[in-house]
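Work through the exercises below with the predicted model open. Try each task before reading its solution.

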Amino acid sequence: MLVVDDHPVMRDGLRAVIEQEPDMEVVGEAADGREAIGQFQKLFPDVMLIDLQMPEVDGLQAITTIRSEFPDATIIVLTTFPGDARVVRAFTLGATSYLLKTARRDEIIKAIRGALAGRHTMAPEVAQEIASYTGHEALTEREIDVLRLVAKGRSNREIADALCISEDTVKARMKSIMGKLGAEDRTHAVMIAIRRGFMDSQT
């Protein structure tokens with residue numbers, strides 16, 4: 001088992017939970033995505049438990065790189081963030097299961113055993129959130145680019161200049177964003193996009 005999380009206390013806790021099982025062992029740890037990639041290449045673990053939000057190289061980037069080199073890699077996301085867009089992205093990139101850090105130890109162990117047997121596990125809260133947005137249209141990459149600049153406090157003119165598009169195009173994309181997210185204003189749109197996982201709070 002490879003445990004990847006930028007918080008040492010979390011890694012220690014997971015190691016303690018996993019190594020209580022007589023047939024499980026933590027063979028390595030990593031504090032960020034870049035280190036996770038190197039450790040995976042070195043150790044070839046049966047399962048990797050990985051957080052998503054980490055410094056430098058995040059969990060989604062690490063999953064992308066690892067799965068491109070090891071298509072059969074078994075990867076369990078264990079994170080604080082539900083967010084339907086983030087979950088869909090993780091599974092699309094090749095994650096086997098998606099758990100929240102609020103999961104009980106027996107749920108984590110069950111998910112690990114399930115992953116090894118080829119089964120997918122999704123936290124109930126995550127499944128509920130995905131279901132609540134079924135039928136909602138996703139934001140496009142171009143709309144997310146606009147929203148990232150909105151989050152930084154940029155005006156429409158500044159966004160237009162930064163993205164080499166017209167100010168009218170910025171306004172049209174913002175109108176589309178507000179409609180898709182059901183947002184009341186620009187700030188509300190940013191908050192919803194972060195909660196749903198279209199972008200990170202550190203964007």
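**Exercise 1. Which elements do the buried residues of helix 5 pack against?**

Solution. 
- Step 1: locate the helix. Helix 5 covers residues 105-116 and has 12 residues.
- Step 2: check its length. From first C-alpha to last, helix 5 reaches 17 Å, close to the 16 Å expected at 1.5 Å a residue.
- Step 3: list the buried positions. These are Ile108, Ile109, Ala111, Ile112, Gly114 and Ala115.
- Step 4: recall the helix repeat. An α-helix has 3.6 residues a turn, so residues three or four places apart point the same way.
- Step 5: find the partners. The buried residues pack against helix 1 (8-18), strand 3, strand 4 and strand 5.
- Step 6: look past the end. Gly118 follows helix 5, and its phi is positive, near 90°.

**Exercise 2. Give the strand order of the sheet and find which strands stand at the edges.**

Solution. 
- Step 1: read the order. The 5 strands run 2-1-3-4-5 in an open sheet with parallel pairing.
- Step 2: find the edges. Strand 2 (28-30) and strand 5 (97-100) each have a single partner strand, so one side of each is left without a neighbour in the sheet.
- Step 3: Neighbouring strands are turned by 20° against each other on average, direction ignored.
- Step 4: examine one pair. Strand 3 and strand 4 pair in the parallel sense over 3 bridges. Ile50 has Val77 in strand 4 as its bridge partner.

**Exercise 3. Is Thr79 buried or exposed, and what does Thr79 touch?**

Solution. 
- Step 1: Thr79 is in strand 4, residues 75-79.
- Step 2: apply the cut-off. Buried means under 20% relative accessible area. Thr79 has 0%, so Thr79 is buried.
- Step 3: list the contacts. Beyond four places in sequence, Thr79 touches Asp51, Leu52, Tyr98, Leu99, Leu100 and Lys101.
- Step 4: repeat for Thr74, in the loop between helix 3 and strand 4. Its relative accessibility is 14%, so Thr74 also counts as buried. Leaving aside neighbours within four places, Thr74 is in contact with Asp46, Val47, Met48, Thr96 and Ala115.

**Exercise 4. Where do Phe44 and Glu56 lie, and what are their phi values?**

Solution. 
- Step 1: recall the background. Most residues other than glycine have a negative phi.
- Step 2: take Phe44. Its phi is positive, near 50°. Phe44 lies in the loop between helix 2 (33-43) and strand 3 (48-50). With a relative accessible area of 53%, Phe44 is exposed.
- Step 3: take Glu56. Its phi is positive too, about 65°. Glu56 sits in the loop between strand 3 and helix 3 (59-69). At 67% relative accessibility, Glu56 counts as exposed.

**Exercise 5. At what angle do the axes of helix 8 and helix 9 cross?**

Solution. 
- Step 1: read the geometry. Helix 8 (residues 156-163) and helix 9 (residues 167-181) have axes that come within 8 Å and cross at roughly 105°.
- Step 2: classify the angle. That makes helix 8 roughly perpendicular to helix 9.
- Step 3: name the residues. Asn156, Arg157, Ile159 and Ala160 in helix 8 meet Glu167, Val170 and Lys171 in helix 9.
- Step 4: sort them by class. The contact has 3 nonpolar, 1 polar and 3 charged residues.

Notes:
Residues are numbered from 1 along each chain as its sequence is written. This is a predicted model: local features need pLDDT of at least 70, side-chain atom pairs count only at pLDDT 80 or more; totals for chains, interfaces and linings use all residues. Side-chain values use heavy atoms; hydrogens and water are left out. Helices (H or I, at least four residues) and strands (E, at least two) are DSSP runs, numbered from the N terminus. Buried means under 20% relative accessible area, exposed over 50%, partly exposed in between (1.4 Å probe, protein chains only). Contact means heavy atoms within 4.5 Å. Axes are lines fitted to C-alpha atoms, for helices over the stretch in contact, and angles run from 0 to 180 degrees between N-to-C directions. Angles under 35 degrees count as roughly parallel, over 145 as roughly antiparallel, 65 to 115 as roughly perpendicular and the rest as oblique. Ala, Val, Leu, Ile, Met, Phe, Trp, Tyr, Cys and Pro count as nonpolar, Asp, Glu, Lys and Arg as charged, and the others, Gly among them, as polar. Two strands pair if DSSP finds at least two bridges between them. The expected span of a helix is 1.5 Å times one less than its number of residues.
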